[in-house]
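The following questions and answers examine one structure, with each term defined where it is used.

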Amino acid sequence: MEDKNEEREELALEPDYDAIQEQRSDELMELLDRHEAKALRERLEEMNEFDVAEFLTEIDDARMPLVFRLLSKETAAEVFANFEAPEQEKIINAITDSELAGIVDELYVDDAVDMMEELPANVVKRVMRAATPETRNLINQYLQYPEDSAGSIMTSEFIDLKKYMSVKEAFARIRRIGEDKETIYICFVTSATRKLEGIVTVKDLLLADYDTEISEIMDTNVIFASTTEDQESVSEKFSDYDLMVMPVVDKEMRLVGIVTVDDVIDVMEQETTEDIEKMAGMLPSDTPYSRTSVTDIWKNRIPWLLFLMLSATFTSMILTNFESMLAVVPALVAFIPMLMGTGGNSGAQSSTAVIRSLSLGDIEPRDALKVMWKEWRVALLCGATLSLVNFGKMLLVDGLLLHNDGVTVLVAATVSLSILFIVMFAKVVGSLLPILAEKLGVDPAVMANPLISTVTDAVSLLIYIYIAKLILHI
């Protein structure tokens, strides 16, 4: 008993990061309320830039720009990069052109480009006017790359070395120019014409003698991306090769920028969100849910809802054509929702698994037959299990307990056999449609739950009716 009490006390003494953050936020708010600007600035300068941004978004709009102005130029730029677009717009509208120019010049190029893509046109014009000609030209250059390409998310702040340099000379260059670079842990070796020749890490430099040439320790087997390569492909390379940074080259293999892991995490989040929205039958949106208006949500959802509603006409037509036949055995009608739901759920399971495997590169369109064979065997096992359970349930629960006279052995056999064939059809189709979409160059996520359910609903009903005709002779 004593051991358990000691264990609880130890757990109670363990630090809780969220509690520490909340306590610090309360302390900062007290300093703000007491107008202790100097103390508040000192505390904010000690904090992580993300935490500072989070604190500023919690205070009211009137005081947020005032607190932001307390920050040093370097910290202000880093905090600004962590803001969402609405907060960035508030800050821009509250500061002078000279203050804005200082922030833009301190931002990494990829962060500045992201900001330009999110802000309203009138705010973008003001930002571009405030930026230096060099920064303005660089931003315009990046904005010309295709949307969602490696070029659109890269940054030009990297360390470049020459292979004839010594380790000592490399360290001298890193110290001289490294302060303004996004990363110094991986350096890129380029030729006189800026062609990428290799990479070298700071670890390699630290472990080598000062007189060693870069050519002796650099790695020439470089994983790189082209400027027009899709950002999703770039994120897959990061995952496959466990990268922290990737060089981006143009058509002549000249190094023009780098993509860092923090940008790739944003890409993964964006791509995953798009897939989830498509799989749920919605048009993808770049705006977070909390900032999306009711009208925009309506626009994103109504096209798929209209399509799915109208496509259900096929199911209605099937029911209408066989209405007289179903009237002969009314008990059959009660099980239609269960059969259609089972078919939709079975197809959704397969399509979700295949879509995820395609996105991870686990399977390719050429694996279609292999996937179909696997899903057919899974469907056979799932369908047989569901059929047997349903057969027993109909006879015991519907027939004996609920005294439903319409549920006979033949009716139970009809429904149960229909489940077997419906599950087999749904799982095979649910696995093949995403692969077909990938082959045609369409996002496989489009072939997800809503569309699969629509197809399986109609076919499930046909399977059910024809099995009923075969067994019940109606």
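Contact means heavy atoms within 4.5 Å. This is a predicted model, in which local features need pLDDT of at least 70 and side-chain atom pairs count only at pLDDT 80 or more, while totals for chains, interfaces and linings use all residues. Residues are numbered from 1 along each chain as its sequence is written, and side-chain values use heavy atoms, with hydrogens and water left out.

Q: Is serine 166 buried or exposed?
A: Serine 166 lies in the loop between β1 (160-161) and α13 (167-177); helices (H or I, at least four residues) and strands (E, at least two) are DSSP runs, numbered from the N terminus. Buried means under 20% relative accessible area, exposed over 50%, and partly exposed in between (1.4 Å probe, protein chains only). With a relative accessible area of 15%, serine 166 is therefore buried.

Q: With which residues is serine 166 in contact, leaving aside its neighbours within four places in sequence?
A: The loop that holds serine 166 runs between β1 and α13. Once neighbours within four places in sequence are set aside, the contacts of serine 166 are Tyr210, Asp211, Thr212, Glu213 and Ile214.

Q: Which residue in β2 stands opposite aspartate 160?
A: Two strands pair if DSSP finds at least two bridges between them. β1 and β2 meet this with two bridges, in the parallel sense. The residue of β2 opposite aspartate 160 is phenylalanine 188.

Q: How many residues of strand β2 (residues 186-190) are buried?
A: On one side of β2, Ile186, Phe188 and Thr190 are buried, and on the other Cys187 and Val189 are buried, so that both faces are covered. Strand β2 is largely enclosed by the rest of the structure, because the number of its residues that are buried is five of the five.

Q: What is the bridge partner of isoleucine 186 in β3?
A: β2 pairs with strand β3 (residues 196-201) in the antiparallel sense, over five bridges. Five residues lie between the strands of this hairpin, and arginine 194 takes a positive phi near 70° there. In β3, isoleucine 186 has as its bridge partner threonine 201.

Q: Which helix gives the most to the lining of the second largest pocket?
A: A pocket, on a 1 Å grid over the protein atoms alone, is an open set of points where a 1.4 Å probe fits, with protein on both sides within 12 Å along at least five of seven lines; lining residues have an atom within 4 Å of a point. At least two lining residues come from each of α16 (231-241), α17 (261-279) and α21 (336-360). The most, six residues, come from α17.
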